[in-house]
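Reader: I have a structure to look at and have not seen it before. Can you take me through it?

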Amino acid sequence: LVSFKASSSAEKLVKHPSSPLPGRTLREYLALPLDQYSLLDPRWITRCPDAADLFTLKVPLQDIIGLPLEPQIQVRVDIDTANNQVVFYADKFVLGDPRFDANFSVTMTSCLRYKPVPEVSARVVPDFWRVTGRAAQQQQQQQQPASTSGRCFYTHVPRLVRRAGATASELTAMNLDKSGVLQAVLQERYKGDPLGLLGELQYAFVAFVFGQSLDGFMQWKSLLLMLLGCEHAALHTHQAAFVEVLRVLRAQLAASLSAPAAAAAAAGRSAGSAESQQAQLQASMFGSTLIEELLPDSFLKKALGGFFEMLVENTSHVSSDMMSEAQALKQLLRSSLRWEFDMQVIGADDDEMDEEGPVIVDTSEPYAL
């Protein structure tokens, strides 16, 4: 279960005209009865016949992006004239497909409030508004329990290994094989357990695809570049964990690419099974545009090419499980993106992987990991 929470507030100073027309003040506007609310576009907003304070917002995705879904959210409006405010509540949400509605829930509260400001000079107004706003915020924080919502703080993944006293050749060797970076990250954040880092890889991907988070994509990319740049860890110290890394990556790509057979192939289901159909619908609904625009000619092609080549060069140290997962991932990428890895490392002439190219280091500068 993944839960996303967000909160925000804003204030705007509005000056009333010296002689406002009857019924045109903010106080009177917020006190308007519900039957005078304008629906703007009835295709999007409608009144609920069962209750006067309920409105339904529909988003016709078929007309907007060609997706055969119509998400709906029901909003209850509460006019609070005593406090000069209107409060909007929403806790009923459907995505438009019964197979997914049970997995989604939305709870929203929005308040539109009018706070009169005494007649003061223009110079004093900003200070007054700042002070009253801070006081109101402190009062709200005292009344509400502490919230754990906010931005995600991911593990820092250093791009380069920098260690004091290391020679230029030692620094080059450490940066060609990211196993040292991986081990340092595991010891610092996960007590040496690579499965904890694998969980972060999965969470970053979910935040990227479902939450459309750029931070999630950047962390997903950083973790994959580090993991796919490991040789000693993949072949020796953490080979079992790397089998899981390949399995997770294959599932992520299959669930996000729009190729109809991709999701079914990863799930190991036949094309006509119920599980396959649900996986295909998920693939068409979430992330297909994002993934397909980011993956072709991207960092992942070069990183996987180097990782697969490393496995081929060290076949005697590669387990059957590792080789099986690598072949399954190759097959998925071949069928969905037409990537080929058996002839040569794809993207060897690309310029966009300069960050993974040779590094010139200043041996006189102290380095620390």
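Author: One term to begin with: contact means heavy atoms within 4.5 Å. By that rule, valine 87 touches Arg76, Val77, Asp78, Thr109, Ser110 and Cys111, leaving out residues up to four places away in sequence. Keep in mind that this is a predicted model.

Reader: Where is valine 87, and is it buried or exposed?

Author: Valine 87 sits in strand E4, residues 85-94. Its relative accessible area is 7%, so valine 87 is buried.

Reader: How far is it from cysteine 111, C-alpha to C-alpha?

Author: The C-alpha atoms of valine 87 and cysteine 111 are separated by 4.4 Å, and the two residues are 24 apart along the chain.

Reader: Stepping back, how many helices and strands are there?

Author: The protein has 15 helices and 5 strands. It has 369 residues, of which 34% count as buried. Of the contacts between residues at least 6 apart in sequence, 60% join residues at least 24 apart.

Reader: How many salt bridges?

Author: The count comes to 4. One of them joins the side chains of glutamate 244 and arginine 247, at 2.6 Å from N to O.

Reader: Where do those two sit relative to each other?

Author: Both are in helix H10, residues 239-256. They are 3 residues apart, which means a separation of about one helical turn. An α-helix has 3.6 residues a turn, so residues three or four places apart point the same way. Glutamate 244 is partly exposed, with a relative accessible area of 30%, and arginine 247 is partly exposed at 32%.

Reader: Which residue does arginine 250 pair with?

Author: Arginine 250 forms a salt bridge with glutamate 325, with 3.2 Å between the closest N and O atoms. Arginine 250 is in helix H10 and glutamate 325 is in helix H15, so the pair ties together parts that are 75 residues apart in sequence.

Reader: Are those two buried or exposed?

Author: Buried: arginine 250 has a relative accessible area of 12%, and glutamate 325 has 7% relative accessibility.

Reader: What about glutamate 340?

Author: Glutamate 340 has a salt bridge with arginine 334, the closest N and O atoms being 3.1 Å apart. Glutamate 340 counts as partly exposed at 36% relative accessibility, and arginine 334 counts as partly exposed at 24%.

Reader: Which residues of H15 are buried?

Author: They are Met322, Glu325, Ala326, Leu329, Lys330, Leu332, Leu333, Ser336 and Leu337. Seen down the axis of H15, the buried residues fall within an arc of 160°, so they line one face of the helix.

Reader: What comes just after H15?

Author: Arginine 338, which takes a positive phi of about 60°.

Reader: New topic: aspartate 80. Where is it, and what does its side chain contact?

Author: Aspartate 80 is in strand E3, residues 72-80. Its side chain makes a polar contact with the side chain of asparagine 83, at 2.6 Å.

Reader: How far off is the nearest opposite charge?

Author: The nearest side chain of opposite charge is that of arginine 113, 7.5 Å away. Aspartate 80 is buried yet has no salt bridge.

How values were computed:
Residues are numbered from 1 along each chain as its sequence is written. This is a predicted model: local features need pLDDT of at least 70, side-chain atom pairs count only at pLDDT 80 or more; totals for chains, interfaces and linings use all residues. Side-chain values use heavy atoms; hydrogens and water are left out. Buried means under 20% relative accessible area, exposed over 50%, partly exposed in between (1.4 Å probe, protein chains only). Helices (H or I, at least four residues) and strands (E, at least two) are DSSP runs, numbered from the N terminus. The arc is that of the directions from the helix axis to the C-beta atoms. Lys and Arg count as positive and Asp and Glu as negative; His and the chain ends are not counted. A polar contact is a pair of N or O atoms within 3.5 Å; within protein, one must be able to donate a hydrogen and the other to accept it, and residues adjacent in sequence count only if both atoms are side-chain atoms.
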